[in-house]
Amino acid sequence: MADDARPAPRSRAARTAAQAALGLVLVGAGAGHLTTLRQEFQAQVPPWVPLDPDLVVVASGVVELALGGALLLTWRRPARAVVGATTAAFFVAVFPGNVSQLLTRTDAFGLDSDTARAVRLLFQPALVVWSLWGTGAWRAWRERVRRRR
């Protein structure tokens, strides 16, 4: 594929579907933060965070709703890539909560063993990749680096 070529239609369709699916996942998770899953999400707030766990859960839920909405509504470049990169950064930012859940052996979301909590950690990088690939953020970054050379 040439440096300035657009992705093939099938690849574009897959990315669009991935972006929409991630948007729906985040809207669902954000709604859960604010409603029925609120206590479960509080278990992932590390004890060293100097804020009320409920405040952290509500704030992160609002952020997830905003990111999910942005993923569902933003389809043009470069804004699409910015939303993807921001979503990836969010997943990196909340990763310490998942690590804390493992280290403190806190049960939540059916993760009631160290093995289950450790396996959960493996999915966080997948979410980062999903957000970067699905929105074209990774491609946009590579193109930007190429132009600078």
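Before I turn to the helices, a word on terms: an axis here is a line fitted to C-alpha atoms, for a helix over the stretch in contact, and angles run from 0 to 180 degrees between N-to-C directions. Helices are DSSP runs (H or I, at least four residues), as strands are (E, at least two), and they are numbered from the N terminus.

What you see above is a predicted model, in which local features need pLDDT of at least 70 and side-chain atom pairs count only at pLDDT 80 or more, while totals for chains, interfaces and linings use all residues. Residues are numbered from 1 along each chain as its sequence is written, and side-chain values use heavy atoms, with hydrogens and water left out.

Let me start with a pair of helices. Helix α4 (residues 79–103) and helix α5 (residues 114–134) have axes that come within 8 Å and cross at roughly 170°. The two are therefore roughly antiparallel to each other, given that angles under 35 degrees count as roughly parallel, over 145 as roughly antiparallel, 65 to 115 as roughly perpendicular and the rest as oblique. In the contact of α4 with α5, the residues divide into 13 nonpolar, 7 polar and 4 charged, where Ala, Val, Leu, Ile, Met, Phe, Trp, Tyr, Cys and Pro count as nonpolar, Asp, Glu, Lys and Arg as charged, and the others, Gly among them, as polar.

Now to the salt bridges, each being a side-chain nitrogen of Lys or Arg within 4 Å of a carboxyl oxygen of Asp or Glu. The structure holds 5 of these salt bridges. In one of them D54 pairs with R38, and the closest N and O atoms are 2.7 Å apart. This pair links distant parts of the chain, since D54 sits in helix α3 (residues 53–73) and R38 in helix α2 (residues 38–42), 16 residues apart. D54 counts as partly exposed at 23% relative accessibility, on a scale where buried means under 20% relative accessible area, exposed over 50%, and partly exposed in between (1.4 Å probe, protein chains only). R38 is also partly exposed, with 28%.

Which residue forms a salt bridge with R105? That residue is D114, with the closest N and O atoms 2.8 Å apart. D114 forms a salt bridge with R117 as well, at 2.9 Å between the closest N and O atoms, and D114 and R117 both lie in helix α5, 3 residues apart, about one turn of the helix. R117 counts as buried, at 4% relative accessibility. Through shared partners, salt bridges join R105, D107, D114 and R117 into one network.
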